[in-house]
Amino acid sequence: MIPKTEKIWMDGMFVDWDKATIHVLTHTLHYGLGVFEGIRCYETRSGPAIFRLDEHIDRLFRSAHIFLLDMPYTKKEIRDAIIGTVKVNKIKECYIRPLVYIGYGAMGLYPKENPVNVSIAVWSWGAYLGDTGLREGIKVKTSSFIRNHVNANMTRGKVSGYYVNSQLAKKEAITCGYDEALLLDTEGYVSEGSGENIFMVRNGMLKTTPLTSILEGITRNSIMKIAADQKIRVVEERFTRDEMYIADEAFFTGTAAEVTPVRELDGRIIGTGRPGPITRKIQSIFFDIVKGKNKKYDSWLTKVK
C-alpha cells in the first residue's frame with residue numbers, strides 16, 4: 001500500500017488524501033490518455049531537495065504538447081504546486097507524481113470539450129527494485145513483449161496508457177522468477193526496461209541505447225553527464241541482448257530505480273555477477289549528488305524552503 005500523506009494538490013487546491021477522488025467516467029480512466037512525471041525529493045543536510053525539478057516539468061509539458069493536451073497551468077504554477085505539496089505534507093524525502101488527465105465529460109475516443117485536470121501527490125517510496133537490488137544487483141529477463149513501435153506510440157511522451165505494455169513485461173518477468181524485464185524494440189535491438197533506461201559497460205566504455213525507441217530519461221541524461229565528467233567514454237548506439245550477455249557490467253537508471261545494477265540477464269551472469277567498479281563509482285556519485293554532498297551539481301537540486 002502507498003503510505004498516506006496528508007494532502008494531494010488537485011487543480012489548485014489541497015485536498016485531504018482520502019477525499020482526492022474523481023468520477024468513474026473520467027475520460028483518462030477509460031482511454032488511457034494522460035501524461036505524468038515521476039520525480040524524487042531527497043533529504044539533504046540543508047533540508048528536502050527535489051532532483052532536476054525543472055527538467056521534469058519541461059518533459060511533462062512536452063508530453064502534453066505531443067498529445068494535444070492543453071495544459072491549464074503555467075510551468076511556474078506547476079513548479080510552485082509541486083514544491084507546495086512537499087511542504088504542506090511536511091515530508092523530508094518522497095516520490096512526487098504530477099498527473100495531467102482528461103476529466104469527466106463526453107465519452108468516446110474524441111474527448112471534445114472535456115476539462116484537462118492536474119493532480120500532484122507525494123509519498124514515501126524507497127528503492128523501487130529493493131535495497132538488496134541496489135547493493136547486489138538484480139536478475140532480468142528479456143521480455144516476450146516488445147517496446148511499442150515509434151509510429152504506434154510516440155516515445156518522447158510519458159503517457160499513462162503506454163505502461164500497459166510495461167505491466168505485461170513486468171508481470172511476465174516476476175512470474176518467471178526475475179526482478180525486472182528488458183524489452184527489445186521492433187527490430188530486435190535492446191530498448192529499455194519496463195520503466196527504466198539501460199546501460200552496459202564493455203572494455204571500460206559505457207554504452208546506452210539511442211533515443212529511437214525509448215523515453216528520454218532524465219536520470220539517464222544525468223548519468224551520461226556524470227560519466228563524461230569522470231572521463232568515462234559514453235556511446236549511444238544500438239546493441240543486441242547477446243552483447244549484454246558478454247558485458248562487463250550493466251545497470252538500469254530511472255527516477256524510481258535510481259541506479260540499479262544488473263547481475264544476471266536470461267540466466268547469464270553479467271561480468272562477475274556483482275556490481276562492477278564503473279557501476280559502483282557512478283552509483284556512489286549519483287547518490288552523493290541527490291543527497292546534496294557534491295556541490296558541483298547543486299544546480300540539479302531545488303531546495304524546498
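Modeller: Contact here means heavy atoms within 4.5 Å. This is a predicted model in which local features need pLDDT of at least 70, side-chain atom pairs count only at pLDDT 80 or more, and totals for chains, interfaces and linings use all residues. Residues are numbered from 1 along each chain as its sequence is written, and side-chain values use heavy atoms, with hydrogens and water left out.

Colleague: What share of the contacts with a separation of 6 or more comes from residues 24 or more positions apart?

Modeller: Such pairs account for 71% of those contacts in the chain.

Colleague: How many helices and strands are there?

Modeller: The chain has eight helices and 17 strands; these are DSSP runs, helices being H or I of at least four residues and strands E of at least two, numbered from the N terminus.

Colleague: Which residues of the largest nonpolar core touch the most other members?

Modeller: Ile 50, Ile 78, Ile 82, Val 86, Ile 96 and Val 100 do, in a core of 31 residues. A nonpolar core is a set of buried Ala, Val, Leu, Ile, Met, Phe, Trp, Tyr and Cys residues joined through side-chain atoms within 4.5 Å. Buried means under 20% relative accessible area (1.4 Å probe, protein chains only).

Colleague: Which helices and strands each supply at least two residues of this core?

Modeller: Strands S4 (39-44), S6 (94-102) and S7 (116-123) do, as do helices H2 (53-66) and H3 (75-88).

Colleague: Which residues of H2 are buried?

Modeller: Among them are Leu 53, Ile 57, Leu 60, Phe 61 and Ala 64, along with His 56 and Arg 59. Just after H2, Leu 68 takes a positive phi of about 60°.

Definitions and conventions
Buried < 20%, exposed > 50% of the residue type's maximum accessible area, 1.4 Å probe, protein only.
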